[in-house]
Amino acid sequence: MSGTEPVPAGGTETSPAGGREPVPAAPTVGAEPVAAPVTVRALVARGVGAELRIERVRLPAPGPGEVRVTIRAAGVCHSDLSMVNGTIAARFPLVLGHEATGVVAEAGPGSRLRVGTEVVLNWAPACRACWWCRRGEPWLCADTTAPTVPRGETDDGVPLNLTLGLGALAEAVVVPETAVIPIPAGLPPEQAALLGCAVLTGVGAVRNTARVAPGETVAVVGLGGVGLAVLSAARRAGATTILAVDVAEAKRDLALAAGATDFLLSDDRLSKEVRARTEGRGVDHAFECVGRATTIRAAWRLTRRGGTVTVVGMGAKDDMVSLGALDIFHSARTLRSSVYGSSDPDREVPVLAAELAGGALDLGVLVSGTVPLDEAPVAFDRLARGEGARWVVTLD
């Protein structure tokens with residue numbers, strides 16, 4: 001069970017050194033025992049720029065309407081890296097990870113989920129009651145999860161924080177049942193894990209935000225996991241010219257495998273190269289999947305008059321985008337963002353899972369490789385160097 005099962009009252013627990021340590025019986029209230037915390041191994045950041053380490057942490061037992069999920073696989077996402085390097089303000093110590101799949105191992109009082117249900121984690125569960133939710137925009141929910149949420153404690157007793165309320169790069173998580181979405185059994189865990197972030201974000205940007213139509217032209221700037229998901233979705237939407245753009249030549253084969261019709265290096269000739277492939281106009285849709293002012297401006301320049309620039313990457317608050325007032329007027333372009341793919345995860349993750357199960361959705365190209373939990377810091381190093389698409393930590 002990889003240390004994720006709660007220890008029976010009065011039982012023993014395996015120590016990091018492999019020995020057996022006595023565990024006191026769980027406290028009781030009247031005749032009812034109080035569930036004991038769950039001790040798991042997790043990837044923890046202790047501060048900005050600090051070395052990532054696998055540590056033992058204690059999570060509370062599932063309360064009313066909560067579940068404990070044993071993690072099977074978790075993706076290493078750039079948003080996690082942004083918290084480690086300080087781009088996104090975070091509280092430490094912090095368990096990283098928010099893109100994962102697993103199995104319900106324990107259900108708290110009142111939970112409707114059954115033990116054994118396979119699920120994908122949802123880092124942005126909607127409240128269903130605010131103004132945005134009521135008008136059909138749950139991705140803008142007023143009750144949006146904070147970047148870091150306090151819960152549990154480290155093995156040395158320091159209060160712990162979880163990335164987006166999940167902290168999924170761990171042997172298990174304890175979360176509200178609204179933060180998990182049931183999926184069909186038997187999906188490849190390294191692919192199913194990506195449904196809750198990279199795939200939903202990328203596919204949603206194409207289907208929901210930009211609404212790419214058959215015959216239109218597309219450019220995708222930035223070819224990480226999300227950018228490759230955008231390429232794949234654009235191909236499935238029927239786009240005819242799909243141009244993949246990145247600073248690394250090594251991304252060429254990945255881009256073509258994901259659905260690009262051509263790969264272009266991001267350099268001073270980029271705008272001319274794009275126009276040469278679009279009858280001098282520029283593309284109908286440009287997707288920026290990096291989250292930087294320079295790449296947002298680049299995407300703007302690649303787009304035709306009257307076209308649409310969709311910003312998918314999340315950047316720093318002080319990285320300002322500058323566009324000329326005359327340019328904005330004359331180009332008649334639309335600049336907008338796509339938050340979580342403008343999607344309702346509760347409805348759309350099951351659709352994507354069914355497509356994956358039926359073979360209509362192939363996510364193999366997005367997975368550059370898998371590593372065990374102990375090697376998760378290595379996967380973050382690869383991500384920081386821009387290597388591959390998505391690295392996935394597997395815990396089966």
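Reader: Which residues are linked in a network of salt bridges?
Author: Arg128, Asp344, Asp346, Arg347 and Glu348 form that network. Keep in mind that this is a predicted model.

Reader: Where is aspartate 346 found?
Author: In helix H10, which covers residues 345-358.

Reader: What does the side chain of aspartate 346 make a polar contact with?
Author: The side chain of arginine 128, at 2.8 Å. Leaving aside neighbours within four places in sequence, aspartate 346 is in contact with Asn122, Arg128 and Ile181.

Reader: Why does aspartate 346 count as partly exposed?
Author: Because its relative accessibility is 35%.

Reader: OK, zoom out. How many salt bridges does the count come to?
Author: 26. One of them joins the side chains of arginine 58 and aspartate 155, at 3.0 Å from N to O. That pair links distant parts of the chain, 97 residues apart. Arginine 58 sits in strand S6, and aspartate 155 in the loop between strands S11 and S12.

Reader: Glutamate 118 and arginine 72: buried or exposed?
Author: Both are buried. Their side chains meet in a salt bridge at 3.6 Å, N to O. Glutamate 118 is in strand S10 and arginine 72 in strand S7, 46 residues apart.

Reader: And what about aspartate 262 and arginine 277?
Author: Their side chains also meet in a salt bridge, at 2.6 Å, N to O. Aspartate 262 lies in strand S17 and arginine 277 in the loop between helix H7 and strand S18, so the pair ties together parts 15 residues apart in sequence. Aspartate 262 is partly exposed at 22% relative accessibility. Arginine 277 is partly exposed too, at 32%.

Reader: Switching topic. Which residues form the nonpolar patch on the surface?
Author: Trp131, Trp132, Leu140 and Val339. Together they have about 370 Å² of accessible area. Valine 339 is in the loop between strand S20 and H10.

Reader: Now the whole chain. How many helices and strands are there?
Author: Eleven helices and 22 strands. The radius of gyration is 22 Å, close to the 21 Å the globule rule gives for 396 residues, so the chain is as compact as a globular protein of that length.

Reader: What does the C-alpha trace span along its principal axes?
Author: About 75 × 40 × 40 Å.

Reader: What share of the residues is buried?
Author: 52% of the 396 residues.

Technical notes: Residues numbered from 1 in each chain as written. Predicted model: local features only at pLDDT ≥ 70, side-chain atom pairs only at ≥ 80, totals over all residues. Heavy atoms only, no water. Helix = DSSP H or I, 4+ residues; strand = E, 2+ residues; numbered from the N terminus. Buried < 20%, exposed > 50% of the residue type's maximum accessible area, 1.4 Å probe, protein only. Contact = heavy atoms within 4.5 Å. Polar contact = N/O pair within 3.5 Å; in protein donor to acceptor, adjacent residues only side chain to side chain. Patch = residues over 30% accessible without salt bridge, like charges linked within 9 Å, V, L, I, M, F, W, Y side chains within 5 Å. Areas by Shrake-Rupley, 256 points an atom, 1.4 Å probe, with all protein chains shown as cover. Salt bridge = Lys/Arg side-chain N within 4 Å of Asp/Glu carboxyl O. Rg over C-alpha atoms; globule rule 2.2 N^0.38 Å.
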